[in-house]
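Subject: Handover of the model, with notes

Dear colleague,

I am passing this structure on to you, and my notes on what was found in it follow below. Please have it open while you read.

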Amino acid sequence: MSAQLPLLSVESLSKSYQGVHAVRGVSFQVQRGELLAMIGPNGAGKSSCFNMMNGQIRPSAGRVMIEGVDTTHYSPQKIFRLGVGRTFQIAETYLSMTVRENVQMVLQSHRKGGLSLSAFFGRLGALYRDDAMALLALIGLDHQAERLCRELPYGDVKRLELAIALAGEPKLLLMDEPAAGMAAKERVALMELTAKVVRERHIGVLFTEHDMDIVFEHATRVIVLNRGEIIATGTPNAVRADPQVQAVYLGSGALYSHGEAH
Ligand SMILES: Nc1ncnc2c1ncn2[C@@H]1O[C@H](COP(=O)(O)OP(=O)(O)OP(=O)(O)O)[C@@H](O)[C@H]1O
C-alpha cells in the first residue's frame, strides 16, 4: 500500500510562538532514497519544522503525514514507533557504557517495545550482540565496540550517534547538523556514510546543516527556508544558482566553496 505514498508529506505547516510566525505554510515531501537538506539562515524555522515532524511541538496549522498516516497530533514516542528517528547527542549516563552496549540497548528497547531494567543496568549479555556488531560494522565503528563512549574521539561519537539512531530502524531519519564541530575530513566521511546508509537501507534522511560545502556536495535535493517560508527547492546546483537564495546568503559567501568564490 505504502509503495506509492511519500515517506513524509508536510502540508501547509505553520507554527507561531506568541505572535512570532516561525513557520509559514511549508509544504514538501521526502521519498525513500533521498538525502534531503533543509537550509536557511539563523531563525529561518528549521528546528521548528523538525520539532513538528517528530512530535516535539504541535503545529499551529497544517499536517504531517508519514506514508499516508496523519501524525500531526501524535506523541514523539508514537511517531518514533512509526519509523521516524532523530539523531541526538549521547546522554551523559550512556557515556560510561561501551559503544556496543549503547547500540545493543537501543536495539533491545526498539525490538521489545521498551527498555528493560537489566538492559538499563548494563546486563545485556548476548542479546542482539550480533546485530549491534553488524550495525557498528556498517558505520565503521566495529573496531571501537568495546571502548567506553567517554573515551572516543569526537568524530567517533558523532558516528555512534548515527548508529544509535539507526538501531531504532527508522525509515525516515531527521538529523540536526550531523557534522557540527567535526574536522573537515571527518565531516565528509560522515556524510558519505550517511549517503551509503540511505542507499543500502533505502530510507529517507532529512538534515539541517550550516556548512554549505557539505550540503551542495552530499544532498540529493535541497529545501531553502527563509523567515519561515520555503523560497527554493531543487537539486543542489539549481538551488545554488537561484537568485532569491543568493540574495538571502549574499555577502556571507556561504554558497560557494573556497575554490569557486569570486
Ligand atoms: N519556543 C519559542 N518561543 C518563541 N519563539 C521561538 C521559539 N522557538 C523558536 N522561536 C523563534 O522562531 C523563529 C524560528 O526559529 P527556529 O529555531 O525554528 O529557526 P532555525 O532555522 O532552526 O534557526 P537556527 O539555525 O538558528 O537554529 C525564530 O525567530 C526564533 O526566535
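Which residue in S10 is the bridge partner of Asn226? Glu229 takes that place, and the notes below come back to the two strands concerned.

A word on how to read the model comes before the rest. This is a predicted model, in which local features need pLDDT of at least 70 and side-chain atom pairs count only at pLDDT 80 or more, whereas totals for chains, interfaces and linings use all residues. Residues are numbered from 1 along each chain as its sequence is written. The pLDDT, which is the predictor's confidence in each residue on a scale from 0 to 100, averages 89 over the protein chain, and 89% of the residues score at least 70. For the complex, the predictor gives an ipTM of 0.97 and a pTM of 0.89. Over residues 258–262 the pLDDT stays under 50, and the model has two contacts beyond four places in sequence for them, a contact being two residues whose C-beta atoms, placed from the backbone, lie within 7 Å. Where pLDDT is low, the predicted coordinates should not be read in detail.

The sheets

Strands (E, at least two residues) and helices (H or I, at least four) are DSSP runs numbered from the N terminus, and two strands pair if DSSP finds at least two bridges between them.

S9 and strand S10 (residues 229–234) run antiparallel and are joined by five bridges. These two strands form a hairpin with two residues between them, and Arg227 in the turn has a positive phi of about 50°.

A second open sheet has four strands in the order S2-S1-S4-S5, with antiparallel pairing; its edge strands, S2 and strand S5 (69–70), each pair on one side only. Five bridges hold the antiparallel pair of strand S1 (residues 8–17) and strand S4 (residues 61–66), where Leu8 stands opposite Ile66 in S4. H1 lies across S1, S2 and S4, and runs at about 120° to S1.

The ligand

The residues surrounding the ligand include Tyr17, Val20, Asn42 and Lys46, where a residue counts as near if its C-beta atom, placed from the backbone, lies within 6 Å. Strand S2 (20–30) and helix H1 (46–53) each supply at least two residues of this shell, and the largest share, three residues, comes from H1. By class, the shell has four nonpolar, six polar and one charged residues, with Ala, Val, Leu, Ile, Met, Phe, Trp, Tyr, Cys and Pro counted as nonpolar, Asp, Glu, Lys and Arg as charged, and the others, Gly among them, as polar.

The domains

The protein chain is divided into domain 1 (1–83 + 170–262) and domain 2 (90–169), with bounds that come from an automatic or database domain assignment. Their contact takes twelve residues from domain 1 and eleven residues from domain 2.

With best regards

Conventions: Axes fitted to C-alpha atoms, helices over the stretch in contact; angles between N-to-C directions.
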